[in-house]
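Subject: Structure handover

Hi,

Here is the structure you will be working with. My notes on it follow below.

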Amino acid sequence: MKLTLQIWRQAGDTDSGHYETFEVDQLDAGMSILEMLDRLNEQLLHEGKEAIAYDSECRESICGTCGINVNGRPHGPQPHVTSCMQRLRSFHDGATVRIEPLRAGAFPVKKDLVTDRGGLDRIIAAGGTVSLMAGTAPDSDAISVGHDQVERALDFAACIGCGACVSACPNGAAVLFTGAKITHLTMLPIPAIERNERATYMVAAMEDEFGPCSLYGECVLVCPQNVPLSAIGSLNKERLRSLFHPRI
Amino acid sequence: MTFTPPLSAAPGVTLGSVLDAKIPTGDPETAWLRRRQEYRVINPANRKKFTVAVVGTGLAGCGAAAALAELGFEVHAFCYQDSPRRAHSIAAQGGINAARARKVDNDSLYRFVVDTVKGGDFRGREAEAYRLGQESLRVIDHLNAVGAPFAREYGGALATRSFGGVQVSRTYYTRGQTGQQLQLSAYQQLMRQVQIGTIKLHPRTEMLDLIMEDGAARGVIVRDLSTGKIHAQPADAVILATGGYGTVYYLSTLAIGCNASAAWRAHRHGAYLGYPSLVQFHPTCLPVMTPWQSKTILMSESLRNDGRMWVPLTAGDERAPGNIPESERDYYLERKYPAYGNLSPRDISSRAGKEQIDSGHGVGPMHNATYLDLTDAIKRLGADVVWERYSNLIEMYRMAVGEDPMRTPIRIAPNTHYTMGGLWVDYNLMSNIPGLFVGGEANFSYHGANRLGANSLLSASVDGWFVLPYAVMDYLAPKLGQARPALDSPAVTQAHSRVLERTERLLSVHGTRTPTEFHKQLGSYLWEGCGLNRSDKSLKKAIAQIRTLRAEFWQDVLVTGKGVGINQTLEKAGRVADFMELAELMCIDALDRSESCGAHFRLEHQEAGEAVRDDDQWMFASAWATDAPLDFASNPELKFTRHAEPLEYSNVHVARRNYQ
């Protein structure tokens, strides 16, 4: 198959950037979008040009490194699928496809399709942690946890931190991301001990860099891990709860 | 009895010394306890005076960095990814073993040790297997407490499942994403210390050289991948937790960026490389589907708990799997290894799969796979139970292949997965370079010639959280008050200019072949010559091919762009350059070891298709040194020396591995 690609090129973080058009042919419908970029890059190198910069690591939808906007949609046309697993079979032969970085105010572009998502790490550092030193944990069978409770916690813990939710949000909010971590840790007995501090600090870090939530729900439509929208309700509950248990 | 290592069958190899691994003498079961009692400690008020550089932020790196920072040391953590959370420990699926032995299936610490040592075909250290089992309890407790939602039974106790090479159930898991949950838990604890200020984090930063002063590791030279700036980080000790080098084969289950560069540069400074040719080929990877495929995806071995592997009885049978009746199927693992069946260890299952594919029984459009069939499990357990156990694997397969494993069998094939080989370390996880510690997959410890499933998350976690903190503190204790190398000292400036020279050289070749083209070619030479099966002939051929390719690389590599700012082509070129040297040593090691053991299957050493060890000659770990000028911007001739560490087993009875 053959595609026309309009790809965002930006030499560096202070550069203004533009779209560049490429024709690629002899594509296989089973290739991923990233493998198509790999191929295009080989072609560019042979023409003596610079390769298009983009991030990817595991290429099996678990590390969260990849993330590009395809035709305006984070990750690509298939819902709930990371860029690395998006296959070309989603496009018809001869289509024009626009590829740009994950757009969000909090994710400055570093080069071409590479963005800086360090803001997500800073939210975790603020409180998505447990204040417990190596070797000091109690026996994990000493505190029983129900089967369903752990499975529910895992639904939220599954977040891969790709940032697609932020890019999909018209406000550039990171509430689904933050809510997923808060909910996950609140559902487990030992991490739950610090739930009030966690909500206070994580929400503050989130509001420092990201937009507010207006409950559009666009985030859950693109989330590769199907993190439930209830993460947002849960975040609001935890932040409200923390107001009644202030940390002084 | 004096140990005399055998002569080498590989041309040009020099025999080196007999190494002392510093394993406590006496009963291996109490070795770790006794060693910890010997270790020196440092007053909490003095710990902040020491700086430790930790390279890599997978399970071993995050654990070591966080634990040392919790103790009060100043830590610098480096990762080449944009966030420490993304290290490839995250992709491990099936689970983590622990010798908790709570059930009455008669598991025990001893049984864990026997399984690990026997699984490794008696080429790993017995005392380390004990340590692995002993510390496994604290690993589960710690990661559970800091947020890993381990699967639970309905009564609230931790759940377990079975894994390959083991007849009890000791694998703890979180669905099919155990690695992700452990990695994120460890990452969170690392970020906690970043917030406190005890860890300085350097993401998008690649280690390119080691700072050596007075024969000891005293820091690292790194390149900021965002700006291209090269800078030095002096330290009192360096920990490499940089993972495996399976990507040397091009196609592997590893992440695209996984590389050997940090380990290889340390090796070129004199750190021995243990068992470089011991590579695990995972039996259940998705087969290659297009020529542009950039990696192979792994389907967790846990599927083998409930899935049955088979091929059509007749070679070249083109019928759809559902149309092939039971009587015309060959459940080849159940037939060949009735005791362990579909749960036979990885090396054995991989070779059995390859044998079926090579003999024309392969299935799928490219006839390069065998079936892994969940139909019987769905009939027995119901679709709901199968879905709950494997939902994310099933989803992944649907995405990758476009078929539904709940209806039609999964197609799988063996591919490169885990490197048992790695930097040689003593029992204290320190390499032969003082101050250079190595943890996780990057070292050669624990797994001998074949790693058991679910032992890798365990070894990385044990190294990071519960071995390195003790061992590093012991090493640092007598060094209080010792100055770190100054930024203008010769050790630092020489390393700095070596790295700069290499970058400039790669950018100035202006050749005609891309780093990826060289990488693919290298991978195919290695896969043919030093893959699942190796022979004298295949290895000698591969060595010649690799040497030629390496010479071509430095004349003809094509790197565009500049040394400043992000340049992923340049990064790739540097990694491929290191793979080219490593690949030669892998072949030399495989050619040298004139026996079959675990994943190392020499066609000359087999009996009816089963590996034949030679314990009289080869019951030792090979630790290699590469002698070549310390110049990273050219293609020097490599000369190799094989040192040997004899292995002894006192509690586990040495026997031929038999899974039949």
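This is a predicted model: local features need pLDDT of at least 70, side-chain atom pairs count only at pLDDT 80 or more; totals for chains, interfaces and linings use all residues.

Strand β7 (residues 205-213) of chain B pairs with β8(B) in the antiparallel sense, over 7 bridges. One of the pairings to look at is Thr205(B), whose bridge partner in β8(B) is Asp224(B). The two strands form a hairpin, with 2 residues between β7(B) and β8(B). In that turn, Asp214(B) has a positive phi of about 50°.

How buried is strand β8 (residues 216-224) of chain B? The count is 7 of its 9 residues, so β8(B) is largely enclosed by the rest of the structure.

Confidence

For chain B, pLDDT averages 95. In that chain, 100% of the residues score at least 70. For the complex, the predictor gives an ipTM of 0.98 and a pTM of 0.96.

Nonpolar core

The largest nonpolar core has 288 residues. Which of them touch the most other members? They are Val52(B), Ala65(B), Ile239(B), Leu240(B), Leu423(B), Val472(B) and Cys587(B). By element, helix α17 (residues 568-592) of chain B gives the most to this core, with 14 residues.

Val52(B) is then in contact with Leu68(B), Phe73(B), Val75(B), Ala235(B), Asp236(B), Ala237(B), Ile239(B) and Val472(B). Ile239(B) and Val472(B) are also on the list of residues that touch the most other core members.

Helix α10(B)

Of the 16 residues of α10(B), 12 are buried, so this helix is largely enclosed by the rest of the structure. The buried residues run from Arg346(B), Asp347(B), Ile348(B) and Ser349(B) through Ser350(B), Arg351(B), Ala352(B), Gly353(B) and Lys354(B), then Gln356(B), Ile357(B) and His361(B). Charged side chains are in that set, including Arg346(B), Asp347(B), Arg351(B) and Lys354(B).

What covers these buried residues? The cover includes strands β12 (279-285), β13 (308-312), β15 (370-373) and β16 (410-419) of chain B, together with α9 (332-336) of chain B.

Domains of chain B

The domain assignment gives domain 1 (282-416) and domain 2 (490-646) of chain B. Their C-alpha centres lie 32 Å apart. In the contact, 5 residues of domain 1 of chain B meet 4 residues of domain 2 of chain B. Helix α10 (residues 346-361) of chain B supplies the largest share of the domain 1 side, 4 residues. By class, that side has 1 nonpolar, 1 polar and 3 charged residues.

Chain A

Chain A has 248 residues, of which 54% count as buried. There are 8 helices and 7 strands in the chain. Along the principal axes, the C-alpha atoms of chain A fill a box of roughly 60 × 35 × 35 Å. Take the contacts in chain A with a separation of 6 or more: residues 24 or more positions apart account for 71% of them.

Chain A is divided into domain 1 (3-111) and domain 2 (118-244). Over C-alpha atoms, 29 Å separate the centres of these two domains of chain A. The contact takes 19 residues from domain 1 of chain A and 18 from domain 2 of chain A. The side of domain 1 of chain A that touches domain 2 has 9 nonpolar, 8 polar and 2 charged residues.

Chain A with chain B

How many residues meet between the chains? From chain B, 64 residues are in contact with 61 residues of chain A. On the chain B side, the elements that give two or more residues are α3 (59-71), α5 (126-145), α6 (178-196), α12 (383-401), α13 (456-476) and α17 of chain B. The largest share, 8 residues, comes from α6(B). This side divides into 26 nonpolar, 26 polar and 12 charged residues.

Best regards

Methods:
Residues are numbered from 1 along each chain as its sequence is written. Chains are lettered from A and ligands numbered from 1 in the order in which they are written. A nonpolar core is a set of buried Ala, Val, Leu, Ile, Met, Phe, Trp, Tyr and Cys residues joined through C-beta atoms within 7 Å. A residue is buried if 20 or more other C-beta atoms lie within 10 Å of its own, exposed if 12 or fewer, and partly exposed in between; C-beta atoms are placed from the backbone. Two residues are in contact if their C-beta atoms, placed from the backbone, lie within 7 Å. Domain bounds come from an automatic or database domain assignment. pLDDT is the predictor's confidence in each residue, from 0 to 100. Two strands pair if DSSP finds at least two bridges between them. Lists of a residue's contacts leave out its neighbours within four places in sequence.
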